[in-house]
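Me: I have a model open and would like to go through the terms used for it, one by one. Could you set each value against its definition for me?

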Amino acid sequence: MYPEARQVLHLDEHFDPAGAAGFDTVTCAWWWQRERMPDALRQRARVLHPGVPQLRSAPGCGLTLPDGRWLGGDSRALIIATEGWPANGPDGLLPDLIAALLDRTQAPLLLVVPRDALPVWRALIVDQRVCCVEDPGAHNRHLLLRVSALLVCGRHQPDWLLEAMATGCPVLAQDGPAMRELVRHEINGRLAPPADAPGPLARMTAELLADVQTLARFAREAQADAGRDFDTHAAAARYARLLGALADDDALPARPLPDRLIPAGRGTWARFRTASNPKTSLDRRP
């Protein structure tokens, strides 16, 4: 995958990016981690996502919302997660987008909100078609996504988007670098140009919700892509190929660089050795 790589640094959110100087390849597990890196480092960093399980909806599966409504079968919702939108509070774009969507579609709307923001959003959104629910976390989001007709993503929500793809929920996302790594426009989803006004995105959402055949095609292609490229087994294979490239590099000229001990997380240290000693070890320390 990286045949030219000699020194690989895997960063997490606890590591000082300045420590990446001198490494040939920099990786991280999540797109939001890459977004927080300085520009120069972000341009050469690669996301090696740990993968998401592929989940299929069983016949008759559904979900009872906190307001008592049942979703499932032909009764599906439009879903929006508040985190990841620019200025995602009550003064940002999102409330205007919700109002514009309610003017254009009769579909119920699931607004997924962090626990500490629930009171604010429930006081702000009073339309009975909108149900504000607490974000259940990455391991349980599929319970919401599998009863949703469409996920509308901001440009900083690639993890939500990937989870929707794995669940078979169609996606409409604002265009952005991370989104283009996941969405094949008009094949497994649709990319919308970023806009400061909610009208264009609301119009695209309403048009896509009315196009049942396109939604079905997006869901089918997205789940196939997620299963092929972002399954947990595929993620393990990506790491294995990366580490294998380090070990199997006899054809490349070796450079006499010292071994480096790299902090890879709380309580974990990962040692990536150089071509002169290409073995890889993982040491755990208190």
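Me: What makes a stretch of the protein chain count among its helices and strands, and how many are there?
Reply: Helices are DSSP runs of H or I with at least four residues, and strands are runs of E with at least two, numbered from the N terminus. By that rule the protein chain has 10 helices and 14 strands. This is a predicted model, where local features need pLDDT of at least 70, side-chain atom pairs count only at pLDDT 80 or more, and totals for chains, interfaces and linings use all residues. Residues are numbered from 1 along each chain as its sequence is written, and side-chain values use heavy atoms, with hydrogens and water left out.

Me: Why is proline 114 called buried?
Reply: Buried means under 20% relative accessible area (exposed is over 50%, partly exposed in between, with a 1.4 Å probe and protein chains only). Proline 114 has a relative accessible area of 19%, so it is buried. You will find proline 114 in the loop between strand S7 (109-113) and helix H4 (118-124). In the whole protein chain, buried residues make up 48% of the 286 residues.

Me: What is proline 114 in contact with, leaving aside neighbours within four places in sequence?
Reply: Contact means heavy atoms within 4.5 Å, and by that test proline 114 touches Thr82 and Glu83. The C-alpha atoms of proline 114 and threonine 82 are separated by 7.9 Å, although the two are 32 residues apart along the chain.

Me: Why is the pair of tryptophan 31 and phenylalanine 230 called tilted?
Reply: Rings of Phe, Tyr and Trp (its six-membered ring) pair if their centres lie within 6.5 Å; planes under 30 degrees apart count as stacked, over 60 as edge-to-face and the rest as tilted. Here the centres are 6.1 Å apart and the planes stand at 55°, so the rings pair and the pair is tilted. The rule gives a count of one aromatic pair. Tryptophan 31 sits in helix H1 (residues 31-35) and phenylalanine 230 in the loop between helix H9 (212-229) and helix H10 (232-247), 199 residues apart. Both tryptophan 31 and phenylalanine 230 are buried.

Me: What makes helix H8 (residues 199-209) largely enclosed?
Reply: Eight of its 11 residues are buried, so the rest of the structure largely encloses H8. Among the buried ones are Gly199, Met204 and Leu209. Their cover includes strand S6 (77-81), strand S9 (148-153) and H9.

Me: How do you know that S6 and S9 pair?
Reply: Two strands pair if DSSP finds at least two bridges between them. S6 and S9 have four, in the parallel sense, and isoleucine 79 stands opposite leucine 151 in S9. S9 also pairs with S10 in the parallel sense, over three bridges.

Me: Why is the crossover from S9 to S10 called right-handed?
Reply: The term applies if, with the strands pointing away from the viewer, the path from the first strand over the helix to the second runs clockwise. The β-α-β crossover from S9 through helix H6 (residues 158-167) to S10 is right-handed.

Me: What makes a nonpolar core, and which residues of the largest one touch the most other members?
Reply: It is a set of buried Ala, Val, Leu, Ile, Met, Phe, Trp, Tyr and Cys residues joined through side-chain atoms within 4.5 Å. The largest has 44 residues, and Ile79, Leu110, Leu151 and Leu161 touch the most other members. H6 supplies its largest share, six residues. A second, separate core of 31 residues includes Leu97, Val130, Met204 and Phe218.
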